[in-house]
Amino acid sequence: MKPLRSNVVGAVAFLWFAFMMPHEIVESAKILSIFPTMSKSHWILGSALMKELAQDGHEVTVISPFPLKNAPKTYRHVNVEYSTRMFEEIMDEVFDKIDDSIVEKMLELGRFVREITNTTLAAPEVQSLLRSDETFDLLVMEVFLDDAFLGFADRFNCPIVGMSTFGVSTWVNSLTGSPQPLSYVPHPMSSFTDKMNFWQRLGNVLFTAFDETLLSVMCDPIHRQYYEQYFPNATRSLDEMRKH
């Protein structure tokens, strides 16, 4: 996969001008954003950005499990409802459970990707939005194992700004284009630091290669399945949208 490049510079410039230009000379835009995980730490950054844009007069629509308290009038919440117990179990398996090996944790990623993607896209309010005749000027989405959501940009024919709350990782770098020199940037699921000896660097390279293979073999088919299922009339393939 190649990083999101086309239109990204223009979209980022748009966000910069949206913040910096005086309110009285700024024409409001309609912005769709997606922050789908049940982990609130992922939502906090995105909600702060969307709240500020709404306060500046832009019409903001946010797809998320978390409604914003005291939201501005131009901030609209589109609800995604998870089975809390199921999601906590998945998060425990992938990120918290200390008894499992790293490999076992990684093998749970497929379940995580499937639940996040299907629960979000199948949500009644999301389906209503997809069937509507609404238009948007920009899509802002969290890049975190959720490539199928790129279909929203094709559906509403708008540019994308991708942002990550996870830092440098093979899970997001293919879309964000962030550099990840394996000689001193450890895989986030490992216990390595930026001060690695030769054998640790070798282990970091091998584990990252395993991770990339796992994403390709296990997670990519899930992305493609839901992209085709929920965006059947897409004019561009998932691979094309990854370059968008």
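# Exercises on a predicted chain

F149, F152, Y227 and F231 form one aromatic cluster. The model is predicted, so that local features require pLDDT of at least 70 and side-chain atom pairs pLDDT 80 or more, while totals for chains, interfaces and linings use all residues. Residues are numbered from 1 along each chain as its sequence is written, and side-chain values use heavy atoms, without hydrogens and water.

## Exercise 1. Helices α5 and α6

Task: Describe how α5 and α6 pack, and characterise the setting of T120.

Solution. 

1. Axes are lines fitted to C-alpha atoms, for helices over the stretch in contact, and angles run from 0 to 180 degrees between N-to-C directions. The axes of α5 and α6 are 5 Å apart, at an angle of about 65°.
2. Contact means heavy atoms within 4.5 Å. T120, L121 and A122 of α5 meet P124, V126 and Q127 of α6.
3. By class, four residues of this contact are nonpolar, two are polar and none is charged. Here Ala, Val, Leu, Ile, Met, Phe, Trp, Tyr, Cys and Pro count as nonpolar, Asp, Glu, Lys and Arg as charged, and the others, Gly among them, as polar.
4. T120 belongs to helix α5 (residues 109–122). With a relative accessible area of 0%, T120 is buried; the term means under 20% relative accessible area, against over 50% for exposed and partly exposed in between (1.4 Å probe, protein chains only).
5. Beyond neighbours within four places in sequence, T120 is in contact with P36, I63, V80, Y82, V126 and F149.

## Exercise 2. Aromatic pairs

Task: Classify the ring pairs W43 with F66 and F112 with F144.

Solution. 

1. Rings of Phe, Tyr and Trp (its six-membered ring) pair if their centres lie within 6.5 Å; planes under 30 degrees apart count as stacked, over 60 as edge-to-face and the rest as tilted. The count by this rule is nine aromatic pairs.
2. The ring centres of W43 and F66 are 5.5 Å apart and the planes meet at 45°, so this pair is tilted. W43 lies in helix α2 (residues 40–55) and F66 in the loop between β2 and β3, 23 residues apart. Both W43 and F66 are buried.
3. For F112 and F144, the centres are 5.7 Å apart and the planes stand at 85°, so the pair is edge-to-face.
4. F112 is in helix α5 and F144 in the loop between β4 and α7 (151–156), so the pair ties together parts 32 residues apart in sequence. F112 is buried at 2% relative accessibility, and F144 is buried with a relative accessible area of 4%.

How values were computed
Helix = DSSP H or I, 4+ residues; strand = E, 2+ residues; numbered from the N terminus.
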